[in-house]
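Q: I have a model open and want to learn to read its features. Where do we start?

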Amino acid sequence: NLSTIVAEGRPYRLEATAEAGGRLAWEGLVSIPDATSSGSLRLSNLSTRNMWRFIEPWADFEVVDGRLAIAGDYSVTWADKLDYSIDAGEVTLTNLSVMPKDPAALPDTFINLRALSINGIALDSQQQSVTASGLTIDGFAVGITLADNEPSMPKMLAITLPEADAAPTASQEQGAPWSLRLEQTEMLNSSVDIDTPYTEPSRTRVSDIRVSTSAIQWPPAGETRVEGALAIDADASLQFDGAIALADGAGAFNYALDNFRLERFSPNLPKAVNATIAGGATAVNGNVTLEAFLPQQIVLDGSIKEFSILIREEENSLSGWQKLSWQKLVINLPARTVDMQELLLQNYSGRLHIKEDGSINTQNLIEEEIAAVAANEPVPDPNAPTWEVSIPRIVLADSQLDFMDESLPISFRTVIGELSGEITGASTKAN
């Protein structure tokens, strides 16, 4: 009931259902003499595909499905100026599915979302503030293909709007900025599928993604805690936690990576090596400090276990080790220094083949490939500081070497076993 006579509003209720199943329910009070209205608004089961149709001519993606719901209590006055507020607001997006219009042009590229919800939304136009109790993302799945060093996702989400003449805009005084605060966020049960030529097999699945944060503010203020975990191809796992100040990007994070398989990266070996990584798993844990969102110092302990590489030469050879471990590796990026407390190589088995021209194994072929790559790189600044490396202690234990020298008048070959030893004070730093 819309009143132009009494100052106090009377209850009014409106319900409507759209053809695609969307529903609107509004109940509230309206008083024209007082220029006020308050009540509750509920929009449910809105089709995101119908919304997508408004931009469909200019979009390279298709919204296959998805349902949107919006709810909240509101209050608005317009007597002297427009003031409005929202309490107990909630936004929910469910069963979203987005794919390319041309799946053949962008294979294995998609976005699926089981549910996204923002609850406890409060908005106040007088305070120019928006707050929310929490953001929860459940079942977020993304598929990306990397071809020619270009990811497919930006191509899929591209929107090309028609050119239009710029409309004149009236100059306005810029008021105080609005403030935003999200008390906590959580992502769970999510995954990313990546198809890239840099791994074998080409498809990598990052699953069981779980990330949570404490309060996030805008303009940035305070420190935000972050923690999370994920699995890589069901073999490796990564855990991390830390804090970052979003105002200046200063922060620190701890991390632990376990059982990360190395044979997947055989395609990245130089072609001249003609080799395949046959096995190996790495585990590292440590911490990283940030400034301006960029890493400054990386500290880690770690190891590579059961590593083996098959090298195809005149005769195939299998090289590797049982364990390569390091302690207190500190990489200082601004200072360009690398310090390692100890490096231990256990049960190494390899081959050293000196050819007739004095080169070692595939040395000449590798040098040619490195030179070809360097020819396309920018010339380094000669005044830039060089990297300095220091390893006070290197230990070799229980190893063997297949040694052959064809540069001698008579070829010589032997297997050197039970190799153990220690190198101290290895450093490139000036005394």
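Q: Which strands each supply at least two residues of the lining of the largest pocket?
A: First, a caution: this is a predicted model. Now the general idea. Rolling a probe the size of a water molecule over the atoms shows where empty space is left. Here, strands E3 (36-47), E4 (61-77), E5 (83-100) and E6 (110-124) each give at least two lining residues. The largest share, 5 residues, comes from E4.

Q: How much space lies in the largest pocket, and which residues are the closest to its centre?
A: The largest pocket holds about 190 Å³ of space. Its lining has 13 residues, and Leu41, Ile70, Ala71, Gly72 and Ile86 are the closest to the centre.

Q: Now the surface. Which residues form a nonpolar patch there?
A: Trp58, Ile159 and Leu161 do. Together they have about 290 Å² of accessible area.

Q: Where is Leu161 found?
A: Look in the loop between helix H2 (152-156) and strand E10 (179-182).

Q: Why does Leu161 count as exposed?
A: Exposed means over 50% relative accessible area. Leu161 counts as exposed because its relative accessibility is 56%.

Q: What share of contacts between residues at least 6 apart in sequence join residues at least 24 apart?
A: In this chain, the share is 56%.

Technical notes
Residues numbered from 1 in each chain as written. Predicted model: local features only at pLDDT ≥ 70, side-chain atom pairs only at ≥ 80, totals over all residues. Heavy atoms only, no water. Contact = heavy atoms within 4.5 Å. Patch = residues over 30% accessible without salt bridge, like charges linked within 9 Å, V, L, I, M, F, W, Y side chains within 5 Å. Areas by Shrake-Rupley, 256 points an atom, 1.4 Å probe, with all protein chains shown as cover. Salt bridge = Lys/Arg side-chain N within 4 Å of Asp/Glu carboxyl O. Helix = DSSP H or I, 4+ residues; strand = E, 2+ residues; numbered from the N terminus. Buried < 20%, exposed > 50% of the residue type's maximum accessible area, 1.4 Å probe, protein only. 1 Å grid on protein atoms, 1.4 Å probe; cavity = no way out; pocket = protein on both sides within 12 Å on 5 of 7 lines; lining within 4 Å. Points joined across faces, edges and corners; volume = space filled by probe spheres on them.
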